[in-house]
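Subject: Structure handover

Hi there,

Here is the structure I promised to pass on. Please have it open while you read my notes below.

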Amino acid sequence: MLRDDDAWADMHAPDGFLTAPTALATGIVSAGAIAGAVRASRPALDDDRIPLAGVTAAFIFAAQMVNFPVAAGTTGHLIGAALAAVLLGPSLAMLVVAIVVAVQALVFADGGLTALGYNVLNMAIVPTLGGWAVFVGTQRLLRRSSRAVAVSAGIAGFASVVLSAAAFSLEWLVGASVAVPFDRVVTAMVGVHVLIGIGEAVITAAVVAAVMAVRVDLVAGAQRYGDRLDLPRGGGRRVALAGLVAALAIGAGVAQFAVDAPDGLERVAQDLGFAESGQPHPFASSLFSEYATQGIASPSLSLAVAGVAGTLLTATVGTGVVLLIRDRPRRDTQRSEPSNRAG
């Protein structure tokens with residue numbers, strides 16, 4: 001949950017942290033990566049995968065509203081990239097997490113607009129691909145079992161957070177807006193995000209295990225084992241509905257108990273003296289800015305309404321985008337081949 005004076009959270013960087021050329025370059029890289037992810041994910045989009053993509057987006061949005069303590073005066077929250085990769089596969093996961101980051105920036109004033117390129121790169125691309133690589137590598141070392149899938153997902157979740165922090169640090173090296181040495185930034189960023197990664201690991205492993213207990217064939221990371229994982233299977237739509245209900249409960253209820261303290265990137269920026277380089281968000285006065293609903297006096301109700309609205313919005317946008325990009329069956333121009341008749 002964001003404090004009243006916050007305009008960004010954890011890896012959501014505001015405008016102004018990096019120079020304009022760096023923001024442009026990361027925007028181009030991110031756009032190209034997402035375009036490639038769209039093309040690569042199309043063949044896997046079926047009637048079960050589509051609702052799972054939408055509810056994964058909703059769950060990540062809601063879970064990111066919940067800041068948990070990691071050290072004295074510092075908090076973190078789920079990134080969800082590795083979780084999405086294990087559930088959906090890396091290509092679709094990049095698209096889903098990018099949708100979450102875009103909705104947060106455009107509707108909730110969380111993360112800058114010119115910073116959207118490096119926020120997508122650091123939250124949707126680097127941790128997804130890196131987390132998936134760690135997941136696959138870990139699986140090769142472990143016995144093929146449902147527990148191994150969940151454990152590997154947790155390790156991937158931990159690694160994805162550290163990789164995300166390292167990515168921002170490298171961007172700072174080439175495009176810092178203020179003179180703070182790279183070695184100080186990377187040490188601080190990686191150090192605090194190692195702690196945040198522990199929470200990410202626990203959440204990722206728990207969610208993957210829960211989905212596998214209901215329908216293992218929906219977990220992309222488990223499909224490579226075929227029938228060797230003897231777990232129950234159920235309706236994909238029921239899984240999606242249960243996930244949406246859980247996301248709504250988190251966004252409206254659990255988020256009320258989020259810890260009110262600086263998070264990873266914010267703490268580093270404050271400690272190293274570059275927090276003031278962040279620029280105000282152009283949508284700071286929007287309806288749901290900073291996850292509070294304008295016009296509602298009760299803080300709890302204001303947060304709950306924003307959480308429900310954001311959860312439903314990301315579910316709708318995620319599902320809609322996936323429906324738009326999936327391959328359409330081609331209509332047969334010829335219903336039957338002309339028969340060959342013997343003369």
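The notes below cover aromatic pairs, salt bridges and a surface patch.

A word on the ground rules before you start. This is a predicted model, so local features need pLDDT of at least 70 and side-chain atom pairs count only at pLDDT 80 or more, while totals for chains, interfaces and linings use all residues. Residues are numbered from 1 along each chain as its sequence is written, and side-chain values use heavy atoms, with hydrogens and water left out.

**Aromatic pairs**

The structure holds 9 aromatic pairs. Rings of Phe, Tyr and Trp (for Trp, the six-membered ring) pair if their centres lie within 6.5 Å; planes under 30 degrees apart are called stacked, over 60 edge-to-face, and the rest tilted. One of the pairs is F61 with Y291, which is tilted, at 5.9 Å centre to centre and 50° between the planes. This pair links distant parts of the chain: F61 sits in helix α2 (residues 49-63) and Y291 in the loop between α9 (264-272) and α10 (299-325), 230 residues apart. Helices here are DSSP runs (H or I, at least four residues), numbered from the N terminus. F61 is buried, because its relative accessible area is 0%, and Y291 counts as buried at 7%. For these labels, buried means under 20% relative accessible area, exposed means over 50%, and partly exposed lies in between (1.4 Å probe, protein chains only).

F108 and F288 form a stacked pair, with 5.7 Å centre to centre and 25° between the planes. This pair also links distant parts of the chain, with F108 in the loop between α4 (90-107) and α5, and F288 in the loop between α9 and α10, 180 residues apart. Both F108 and F288 are buried. Elsewhere, F17, F168, W172 and F274 form one aromatic cluster.

**Salt bridges**

How many salt bridges does a search of the whole structure find? There are 3, where a salt bridge is a side-chain nitrogen of Lys or Arg within 4 Å of a carboxyl oxygen of Asp or Glu.

- R326 pairs with D47, the closest N and O atoms being 3.6 Å apart. The two come from distant parts of the chain, 279 residues apart: R326 in the segment after α10, D47 in the loop between α1 (20-41) and α2. R326 is partly exposed at 24% relative accessible area, whereas D47 is exposed at 52%.
- R215 pairs with D217, with 2.9 Å between the closest N and O atoms. R215 counts as buried at 11% relative accessibility, and D217 is partly exposed at 22%.
- R267 meets D271 at 3.6 Å, N to O. These two residues are separated by about one helical turn, because they are 4 residues apart in helix α9. R267 is partly exposed at 22% relative accessible area, and D271 is exposed at 52%.

**A nonpolar surface patch**

L141, L142, V151 and I155 form a nonpolar patch on the surface, with about 350 Å² of accessible area together. Patch members have over 30% relative accessible area and no salt bridge; like charges are joined within 9 Å, and nonpolar side chains (Val, Leu, Ile, Met, Phe, Trp, Tyr) within 5 Å. The areas come from the Shrake-Rupley method with a 1.4 Å probe, and for residues only the protein chains shown count as cover. L142 lies in the loop between α5 (116-139) and α6 (146-175), and counts as partly exposed because its relative accessibility is 31%.
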